[in-house]
Amino acid sequence: GSGHLFSCYHEGPRESILTWTFLGVVPVASITHLLSADIIMADVEEGNAILKQVQSGHVWAGLEAAGRGQIDLRKVILAAAESDSHAMEWATPELCADRAFVLSVAERGGFVLQYVCEDLACDREVVMESVKHHAIALAHAKEKFRADKEVVWHAVNCNWDAIRSAHESLRADRNFMFEVMKINAQALQFANDDIRGDPWAVLRAIRADQSTFRFCRPMGLARRPEVRAAIDSYLACPGDPVPILVATLQEAPDEIICKAHLMSARSLGCSLPLEATVSELAEVLHRELAEPAHPRIHILLEGRDEPLSPFDAVRAVRDFLA
């Protein structure tokens with residue numbers, strides 16, 4: 001008897017249960033429940049160990065375990081998606097048609113659009129979730145989604161380069177492309193030719209990134225005097241969040257008198273040569289009134305509703321005298 005009791009403290013849990021049952025301490029009716037719980041706990045621990053291997057990049061360990069029935073394949077793919085964006089390539093057709101599963105994979109950063117069934121490829125929420133995490137997924141989206149502003153905007157916010165996969169209708173949308181170019185001026189190269197030949201688009205792009213001049217159509221557009229002067233001037237583009245200076249101009253016998261003040265009330269009086277250009281006026285006002293943090297300014301002349309445009313830079317200040 002004592003030998004049997006002593007062994008209970010030194011054997012594994014399954015052997016101990018069998019020993020206690022043999023001695024009559026544990027009822028035979030309870031052994032099935034106890035052993036089942038023990039087996040389940042061991043399976044859970046084994047499954048967790050497999051998932052840790054998968055999350056560490058050893059996906060094949062999980063796939064082999066799923067093939068032997070040791071673990072659910074969907075758990076393996078969900079774990080793999082966190083480190084392997086192409087985890088869905090191991091999914092069965094049934095999993096590729098499981099909407100909840102596909103969304104879960106997409107949320108974890110996995111590519112899904114090239115693997116899902118046709119119904120889910122046409123599901124806007126699935127597409128949206130996919131491009132939020134992988135902008136390149138837009139290239140695998142249906143045409144109607146590549147023309148969907150909201151879907152494409154999520155993609156370009158993930159990576160601006162996704163604009164290359166946008167539908168031509170969006171790449172011809174001036175306002176939309178201007179917004180994308182605020183994220184990265186290199187997006188100009190994927191705009192249609194009308195936008196690439198738009199002086200305003202060229203101005204915005206080159207001010208943000210000098211190398212974008214090569215995307216202009218025609219190539220020499222950025223070298224035109226009025227465009228070059230606009231690019232180099234201190235005058236901001238409409239809507240730019242920079243200081244606004246209100247100015248009044250008055251012609252004297254041999255000079256132009258300018259009085260200007262910031263909306264914040266700082267003021268300046270100065271004189272300019274009669275032949276001074278708007279660009280020269282902007283340079284003086286920027287130097288004397290603008291903060292160093294602001295590379296450009298808006299100049300609003302009294303009596304006008306809109307600030308001077310960068311394309312006014314080459315014009316004579318006299319043109320704007322009241």
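Visitor: Where is Pro-218 placed in this model?

Guide: In this predicted model, Pro-218 sits in the loop between α15 and α16 (225-232).

Visitor: What makes the peptide bond from Arg-217 to Pro-218 cis?

Guide: Its omega is near 0 degrees, and the bond from Arg-217 to Pro-218 is cis on that account. For background, most peptide bonds are trans.

Visitor: Why is α13 called roughly parallel to α15?

Guide: The two helices, α13 (174-183) and α15 (199-208), pack at an angle of about 10 degrees, with their axes 10 Å apart. Angles under 35 degrees count as roughly parallel, and α13 is therefore roughly parallel to α15.

Visitor: Which residues make that contact?

Guide: Arg-174, Phe-178 and Met-181 of α13 meet Trp-200, Ala-201, Arg-204 and Ala-205 of α15. By class, the contact of α13 with α15 has 5 nonpolar, no polar and 2 charged residues.

Visitor: Which residues line the largest pocket?

Guide: The lining consists of Phe-178, Met-181, Lys-182, Ala-185, Arg-204, Ala-205, Arg-207, Ala-208, Cys-237, Asp-240 and Arg-296. The volume of this pocket is about 230 Å³.

Visitor: Which helices each supply at least two residues of the lining of the largest pocket?

Guide: Helices α13 and α15 do. The largest share, 4 residues, comes from α15.

Visitor: What makes the contact between α5 and α7?

Guide: On α5 the residues are Arg-74, Ile-77, Leu-78 and Ala-81, and on α7 they are Phe-101, Ser-104 and Val-105. Sorted by class, the contact of α5 with α7 has 5 nonpolar, 1 polar and 1 charged residues.

Visitor: Why are α9 and α11 called roughly parallel to each other?

Guide: Helix α9 (residues 124-133) and helix α11 (residues 149-158) pack at an angle of about 20 degrees, and their axes are 7 Å apart. With roughly parallel meaning under 35 degrees, α9 and α11 are therefore roughly parallel to each other. Their crossing is right-handed.

Visitor: Which residues of α9 and α11 make the contact?

Guide: From α9 come Arg-124, Val-127, Met-128, Val-131, Lys-132 and His-133, and from α11 come Glu-150, Val-151, His-154, Ala-155 and Cys-158. The contact of α9 with α11 has 6 nonpolar, 2 polar and 3 charged residues.

Terms used. Residues are numbered from 1 along each chain as its sequence is written. This is a predicted model: local features need pLDDT of at least 70, side-chain atom pairs count only at pLDDT 80 or more; totals for chains, interfaces and linings use all residues. Side-chain values use heavy atoms; hydrogens and water are left out. On a 1 Å grid over the protein atoms alone, a cavity is a set of points where a 1.4 Å probe fits but cannot get out, and a pocket is an open set with protein on both sides within 12 Å along at least five of seven lines; lining residues have an atom within 4 Å of a point. Grid points are joined across faces, edges and corners, and a volume is the space filled by probe spheres set on the points. Contact means heavy atoms within 4.5 Å. Ala, Val, Leu, Ile, Met, Phe, Trp, Tyr, Cys and Pro count as nonpolar, Asp, Glu, Lys and Arg as charged, and the others, Gly among them, as polar. Axes are lines fitted to C-alpha atoms, for helices over the stretch in contact, and angles run from 0 to 180 degrees between N-to-C directions. Angles under 35 degrees count as roughly parallel, over 145 as roughly antiparallel, 65 to 115 as roughly perpendicular and the rest as oblique. A crossing is left-handed if the near helix is turned anticlockwise from the far one by less than a right angle, and right-handed if clockwise.
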